[in-house]
Amino acid sequence: MTTTNQPAFKAAGVSIKDLRKSYGTNEVLKGINLDIQPGEVVCLIGPSGSGKSTVLRCVNRLETANGGTIEVGGFETTDPEVDIDKMRQKVGMVFQQFNLFPHLTVLENCTISPVKVLKKSAAETKAKALKNLAAVGLGDFGHRYPDQLSGGQQQRVAIARALTMDPELMLFDEPTSALDPETVGDVLAIMRRLAQDGMTMLVVTHEMAFAREVADRVVFMDQGIVVEQGPAEQVIANPQQPRTQDFLKRVL
Ligand code: ADP
Ligand code: MG
């Protein structure tokens with residue numbers, strides 16, 4: 001990450017068209033349309049169970065959509081023929097539970113996928129991982145194991161790990177929900193910097209202050225549909241739809 005205004009990444013755009021997903025007879029996504037410009041930061045908000053995680057998981061094919069299409073940087077991730085490893089390289093994901101490999105060091109957590117899956121050079125990947133760990137304030141932590149770190153530090157490793165894949169899009173699914181309050185700010189600061197550096201980001205979050213400050217656009221979902229979207233200031237401060245108003249009354 002840099003501190004200039006120059007984009008530090010090749011950032012992808014995203015185009016989600018009529019995305020549908022059911023679990024058995026439970027239709028949890030009922031035709032989601034969402035376009036994200038390269039470098040844009042979109043925060044996805046909405047009540048529990050509205051389908052936010054499912055949208056993210058369909059984008060990188062952790063779930064298979066039942067209908068519609070998703071394009072990331074010109075790659076159709078919903079295409080059954082798509083090269084999944086190649087596609088996932090473009091899409092970094094950070095989860096609520098950090099999902100680090102407990103038996104690997106911090107540095108190994110960052111290098112294993114680029115080296116084993118993408119067959120990148122070990123030396124180059126290590127250098128990149130160390131740079132990314134330094135950028136999240138953990139330059140000296142490469143030799144530690146995840147259980148020797150706080151939750152906030154583990155989440156920062158998860159971000160560094162995702163960045164070491166050179167993604168063009170970052171998906172965040174409630175990345176601060178499992179953290180102690182005093183470490184939330186560190187993680188949000190790193191996400192803010194990533195946004196400033198020009199990364200395309202789709203962020204599920206309940207941090208309304210973060211959404212208001214960092215998001216270019218806020219999308220409110222309820223019961224599998226996009227109910228309302230617009231600039232953060234508009235959707236959060238002046239929501240038009242009763243369902244958005246109700247939700248915000250409860251979380252703000
Ligand atoms: P959110 O992230 O907004 O809380 P989710 O996308 O996790 O919502 O879930 C949307 C709906 O899909 C919920 O009703 C949930 O119970 C259901 N769901 C999610 N994952 C599965 C699954 N693997 N199997 C069955 N139902 C699921
Ligand atoms: Mg969720």
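## The four-stranded sheet

In this predicted model, four strands make up an open sheet in the order β2-β1-β4-β5, and their pairing is antiparallel. Strands are DSSP runs of E with at least two residues, helices are runs of H or I with at least four, and both are numbered from the N terminus; two strands pair if DSSP finds at least two bridges between them. Because β2 (26–36) and β5 (75–76) stand at the edges with a single partner strand each, one side of each is left without a neighbour in the sheet. The antiparallel strands β4 (residues 67–72) and β5 are joined by two bridges, and E71 has E76 in β5 as its bridge partner.

Helix α1 (residues 52–59) packs on this sheet, where it touches β1 (14–23), β2 and β4, and its direction makes about 115 degrees with that of β1. Contact here means heavy atoms within 4.5 Å, while axes are lines fitted to C-alpha atoms, for helices over the stretch in contact, with angles running from 0 to 180 degrees between N-to-C directions.

## The six-stranded sheet

A further open sheet has six strands in the order β6-β7-β8-β3-β9-β10, with mixed pairing. Its edges are β6 (91–94) and β10, each with a single partner strand, so one side of each is left without a neighbour in the sheet. From one strand to the next, the twist averages 20 degrees.

Within this sheet, strand β3 (residues 41–45) pairs in the parallel sense with strand β8 (residues 200–204) over four bridges, and V42 stands opposite L202 in β8. Helix α1 packs on this sheet, touching β3, β6, β7 (169–173), β8 and β9, and its direction makes about 150 degrees with that of β7. Helix α6 (residues 181–196) packs on the sheet as well, touching β3, β7 and β8, at about 145 degrees to the direction of β8.

Six of the eight residues of α1 are buried, so the helix is largely enclosed by the rest of the structure. Buried means under 20% relative accessible area, exposed over 50%, and partly exposed in between, with a 1.4 Å probe and protein chains only. The buried residues of α1 are K52, T54, V55, L56, C58 and V59. Just after the helix, R61 takes a positive phi of about 65 degrees.

## A hairpin and an aromatic pair

Strand β10 (residues 225–230) pairs with β9 in the antiparallel sense over five bridges, and the bridge partner of F220 in β10 is E228. The two strands form a hairpin with two residues between them, and Q223 in the turn has a positive phi of about 50 degrees.

The count of aromatic pairs comes to one, where rings of Phe, Tyr and Trp (its six-membered ring) pair if their centres lie within 6.5 Å, and planes under 30 degrees apart count as stacked, over 60 as edge-to-face and the rest as tilted. The rings of F220 and F247 have centres 5.3 Å apart and planes at 40 degrees, so this pair is tilted. Since F220 lies in strand β9 (residues 217–222) and F247 in helix α9 (residues 242–251), the pair ties together parts that are 27 residues apart in sequence. Both F220 and F247 are buried.

## Basis of the description

Residues are numbered from 1 along each chain as its sequence is written, and chains are lettered from A and ligands numbered from 1 in the order in which they are written. Local features need pLDDT of at least 70 and side-chain atom pairs count only at pLDDT 80 or more, while totals for chains, interfaces and linings use all residues, and side-chain values use heavy atoms, with hydrogens and water left out.
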